[in-house]
Amino acid sequence: MTSYPTTWCRPPQIFTHRGWRIAFQVGVLVWFVLAVGTIDVNWERVVAGAERGLRFVNGFLQPDFTSRWKDISQGIIESLTMTFTSTIVGVAISIPIGIGAARNVAPAWIYYICRSIIAVSRALQEVIVAIFFVAMFGFGPFAGFLTLSFATIGFIAKLLAEDIEDIDEAQAEAVRATGASWGQLINYAVQPQVMPRLIGLSLYRFDINFRESAVIGIVGAGGIGATLNTAIDRYEYDSAGAILLIIIGFVLVAEYGSSYLRKFLQ
Amino acid sequence: MLRVKNLTKTYKTGDKALSDVSFSVEKGQVVGLIGPSGAGKSTLIRCVNRLVEPSSGAILLGDSDLARLGSGDLRRARRRIGMIFQEYALVERLTVMENVLSGRLGYVSFWQSFTRRFPPADIERAYKLLDRVGLMEHADKRADALSGGQRQRVGIARALSQEPELLLVDEPTASLDPKTSRQIMRLLIEICAERGLPAIVNIHDVPLAQQFMQRIIGLRAGRVVFDGTPDQLTDGVLTTIYGAEDWTAMRKDTEDDKVAERDAARELARIGA
């Protein structure tokens, strides 16, 4: 009769040596304390700003939708137009780039070209791109449209390429075995497998583009962000509050709408 | 019909999957390919339609050497070879009809296939095949709505819609229960007989192979170690292919399976299902 142990504990998974584990934990703590120490807080400025912040919060509590309604509605329509057009154009450009960036369906040289395009698009933050396009094409929604289209490419193409690389190869093999061409392989074996996700991602990106349109407006790329920026510059916090509430409302609607649609499409 | 000569496949990793495999298959002959996992059965049939690139050797289908074809000619050659897969390999989100019609992809233009406007003869053939495999009323269902046995029937219809001259069958029953396995094997054999279609069938179930195949080729570690009729497959031969094992016990297990199957069927009939 052998006796088996009655206690067991999970063996450490990342740092198997006790010394390394302790050294790592102490290291993180020291770094954190030192880093916090270097943050330079100007307490007088914080006190002065608190009063301004309070006015901002009060503006939120008593939002003024009416006095700037014309500007606000125009900004929202501009934002929605930018969001809609840039999502469609961005997704349309993303599809060929996404296919090209999938290792299992594209030859190596196309793969590297498409991956570079994605890397550039993802490396440049929307606000930076927006500043660049505003400098090139002037203030207004056209710069915003270009910015959001550009950002959409990096997002959709990357995730689409990853989804294509994850397809069930057996299905692709079966279609290839019938003598199908490359285009037919994409249409019959790849597209059915990635379509639901592509639609889901596009809806999600629509959502993101609306939110981003409010941010890039601040640097002059049109839309509701420009209206918001103007309101804050004029110290009209009640109008700014109204605009923010409207943005939150739209984002919520887009969020629930897109998640509902995605569920429906599955 | 099909002649494989000195076929060798060495993978990039240096693993030799096939060494110097030669055999030929005559018109109308159904050949079972048996052997342990990793013996190279899958690699062998995938070399025939070049889903796997052979390292050396020749694969003659009629007069053309499949191993030497360029990409365009290879596509035309693949149309002549139907393939049926383990786990069915249907495109799950396409309808049954689209899956069957995808057997015609090599014959139609991209635009025709993209718009799903196949020639009337193709559509007629697809319906005929669906009727033959007993799935007429499922034509517009999505492939993932079907059961395992039904999916494999769609797989068979897809392969046949190519009007192939040769059928490659990779473990057709690996994911099916014993009863459905036999039904599928029977259907395959019937269809091959109807059309005088030669077939190479990878199969790991020895009793099933003996029951249905006209000829059996045994592979071990990438070499042909047996080529003969099912009757010649003695315990001694099985030991050369698979290594030592109690073959009498295995045969008895299979008998038990069959008995259990019959009992289950009777039970099912009794409760009126």
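1. In chain A, H7(A) passes H8(A) in a right-handed crossing, a crossing being right-handed if the near helix is turned clockwise from the far one by less than a right angle, and left-handed if anticlockwise. The contact draws on Gln171(A), Ala172(A), Val175(A) and Arg176(A) of H7(A), together with Leu185(A), Tyr188(A), Ala189(A), Val190(A) and Gln193(A) of H8(A). Two residues count as in contact if their C-beta atoms, placed from the backbone, lie within 7 Å. By class, this contact of H7(A) with H8(A) has six nonpolar, two polar and one charged residues. The classes are as follows: Ala, Val, Leu, Ile, Met, Phe, Trp, Tyr, Cys and Pro are nonpolar, Asp, Glu, Lys and Arg are charged, and the others, Gly among them, are polar.

2. The model is predicted: local features need pLDDT of at least 70 and side-chain atom pairs count only at pLDDT 80 or more, while totals for chains, interfaces and linings use all residues. Residues are numbered from 1 along each chain as its sequence is written, and chains are lettered from A and ligands numbered from 1 in the order in which they are written. Helices (H or I, at least four residues) and strands (E, at least two) are DSSP runs, numbered from the N terminus.

3. Helix H7 of chain A covers residues 169–177 and helix H8 of chain A covers residues 182–217; their axes come within 9 Å and cross at roughly 165°. Axes here are lines fitted to C-alpha atoms, for helices over the stretch in contact, with angles from 0 to 180 degrees between N-to-C directions. H7(A) and H8(A) are therefore roughly antiparallel to each other, the term applying to angles over 145 degrees.

4. How do the axes of H8(A) and H10(A) cross? The crossing with helix H10 (residues 237–265) of chain A is at roughly 180°, and the axes come within 9 Å. H8(A) and H10(A) are therefore roughly antiparallel to each other. Among the residues that meet are Ile199(A), Leu203(A), Phe206(A) and Phe210(A) in H8(A), and Phe250(A), Val251(A), Ala254(A) and Leu261(A) in H10(A). By class, the contact of H8(A) with H10(A) has 13 nonpolar, two polar and four charged residues.

5. Ala151(A) lies in helix H6 (residues 141–165) of chain A. Why does Ala151(A) count as buried? It does so because 24 other C-beta atoms lie within 10 Å; the cut-offs, applied to C-beta atoms placed from the backbone, are 20 or more for buried, 12 or fewer for exposed, and partly exposed in between. Leaving aside residues up to four places away in sequence, Ala151(A) touches Ser121(A), Glu126(A), Val129(A) and Glu212(A).

6. The domain assignment, which is automatic or from a database, divides chain A into domain 1 (18–55) and domain 2 (62–265). The centres of these two domains of chain A, taken over C-alpha atoms, are separated by 35 Å. For chain B the assignment gives domain 1 (1–80 + 164–233) and domain 2 (96–162), with C-alpha centres 24 Å apart. Between the domains of chain B, 15 residues of domain 1 are in contact with 10 residues of domain 2. On the side of domain 1 of chain B that touches domain 2 of chain B, the largest share, six residues, comes from H7(B).

7. Between the chains, the contact takes 21 residues from chain B and 18 residues from chain A. On the side of chain B that touches chain A, helix H2 (71–79) and helix H4 (110–114) of chain B each supply at least two residues, and H2(B) gives the largest share, four residues. That side of chain B has nine nonpolar, six polar and six charged residues by class.

8. Phi of Asp20(B) is near 55°, a positive value; Asp20(B) lies in strand S2 (residues 16–25) of chain B and is partly exposed, with 14 other C-beta atoms within 10 Å. Phi of Glu163(B) is likewise positive, near 50°. Glu163(B) is in the loop between helix H6 (148–161) and strand S7 (166–170) of chain B, and is partly exposed, with 16 other C-beta atoms within 10 Å.

Conventions. Angles under 35 degrees count as roughly parallel, over 145 as roughly antiparallel, 65 to 115 as roughly perpendicular and the rest as oblique.
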